[in-house]
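Please walk through this protein with me, from its overall make-up down to single side-chain pairs. Keep the sequence and the 3D view side by side as you read.

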Amino acid sequence: GVPWNMSPAPGTTHQRMVRELAVALYAALADSPCELFLSPFDVRLPETTAEQAEDETVLTVVQPDVAIVCDADKIDAKGCLGPPDVMIEVLSPSSAYRDETDKLHLYEAQGVKEYWIVNPDGGYIMVYTLVDKKYGKPEYLWHDDILISKVIDGIALELAPLFARIQS
């Protein structure tokens, strides 16, 4: 065989949480123009201005665990060009720092309207909402709360069932 330098796949708890979010969000978006995408799915973000985004050499590519895109013009054969409306990252020990710092700053700078950081082990979700081009303090939602999106109508997720179904 030929060795491949690959990162290990996310753990079972991480994958279960992504699954539960996907099922709940898919149902919530049934009558919406918004579309749900799961990793691996390339989101190409311009490093400069939106006008230069077509130049693939100045793009940062990320693969969020979950992305919700409401502007169909951003979707192409390669994925999403420009910021989705909602980006969701489920924390894993190997990615937590990057998700909570690097991606937080990148998504804020790119204009991602809502960024959810899901901590399956801690039983909470931090929701950052863009206001005046900045994320303020996150809203902490615990396993027994209901997450209501401030940017996409129709998303109201009861968190208790999501967190209950990820336990082994």
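Start with the surface. In this predicted model, the chain has an accessible surface of about 9500 Å². Carbon and sulfur atoms account for 53% of that area. The chain is 168 residues long, and 44% of them count as buried. Its secondary structure consists of four helices and 13 strands. Take the contacts between residues at least 6 apart in sequence: 52% of them join residues at least 24 apart.

Now find the open sheet. Four strands make it up, in the order β3-β2-β6-β5, and the pairing is mixed. The edges are β3, residues 59-62, and β5, residues 75-76. Each of these two strands pairs on one side only. Strands of a sheet pair through backbone hydrogen bonds, which may run parallel or antiparallel. Strand β2 covers residues 43-46 and pairs with β3 in the antiparallel sense, over four bridges. To locate this pairing, look for Leu45: its bridge partner in β3 is Thr60.

Helix α3, residues 102-110, packs on this sheet. The helix touches β2 and β3, and its direction makes about 65 degrees with that of β2. Which residues of α3 are buried? They are Lys103, Leu104, Tyr107, Glu108 and Gln110. An α-helix has 3.6 residues a turn, so residues three or four places apart point the same way.

Lys103 forms a salt bridge with Glu89, with the closest N and O atoms 3.1 Å apart. This pair links distant parts of the chain: Lys103 sits in helix α3 and Glu89 in strand β7, residues 86-90. The two are 14 residues apart. Both Lys103 and Glu89 are buried.

The structure holds seven salt bridges, counting this kind of pair throughout. Side chains of opposite charge can pair when their charged atoms come close. Lys150 and Glu139 give another case, at 2.8 Å from N to O. Here Lys150 lies in the loop between β12 (146-148) and β13 (156-158), while Glu139 belongs to strand β11, residues 139-142. They are 11 residues apart. Lys150 counts as exposed because its relative accessible area is 55%, over the 50% cut-off. Glu139 is partly exposed, at 31%.

Next, look at Arg19 and Glu20. Their salt bridge has its closest N and O atoms 3.0 Å apart. Arg19 is partly exposed, with a relative accessible area of 40%. Glu20 is buried, at 8%. Together with Arg165, Arg19 and Glu20 are linked in a network of salt bridges.

Finish with the cysteines. A disulfide is a covalent bond between the sulfur atoms of two cysteines. The model has one disulfide. Which cysteines does it join? It joins Cys34 to Cys70, with 1.9 Å from S to S. The link of Cys34 and Cys70 is right-handed, with 100 degrees about the S-S bond. Cys34 lies in the loop between α1 (12-28) and β1 (35-38), and Cys70 in the loop between β4 (66-69) and β5. The pair thus links distant parts of the chain, 36 residues apart. Cys80 counts as buried because its relative accessibility is 0%.

Methods. Residues numbered from 1 in each chain as written. Predicted model: local features only at pLDDT ≥ 70, side-chain atom pairs only at ≥ 80, totals over all residues. Heavy atoms only, no water. Pairing = 2+ DSSP bridges. Contact = heavy atoms within 4.5 Å. Axes fitted to C-alpha atoms, helices over the stretch in contact; angles between N-to-C directions. Buried < 20%, exposed > 50% of the residue type's maximum accessible area, 1.4 Å probe, protein only. Areas by Shrake-Rupley, 256 points an atom, 1.4 Å probe, with all protein chains shown as cover. Disulfide = S-S within 2.5 Å. Salt bridge = Lys/Arg side-chain N within 4 Å of Asp/Glu carboxyl O.
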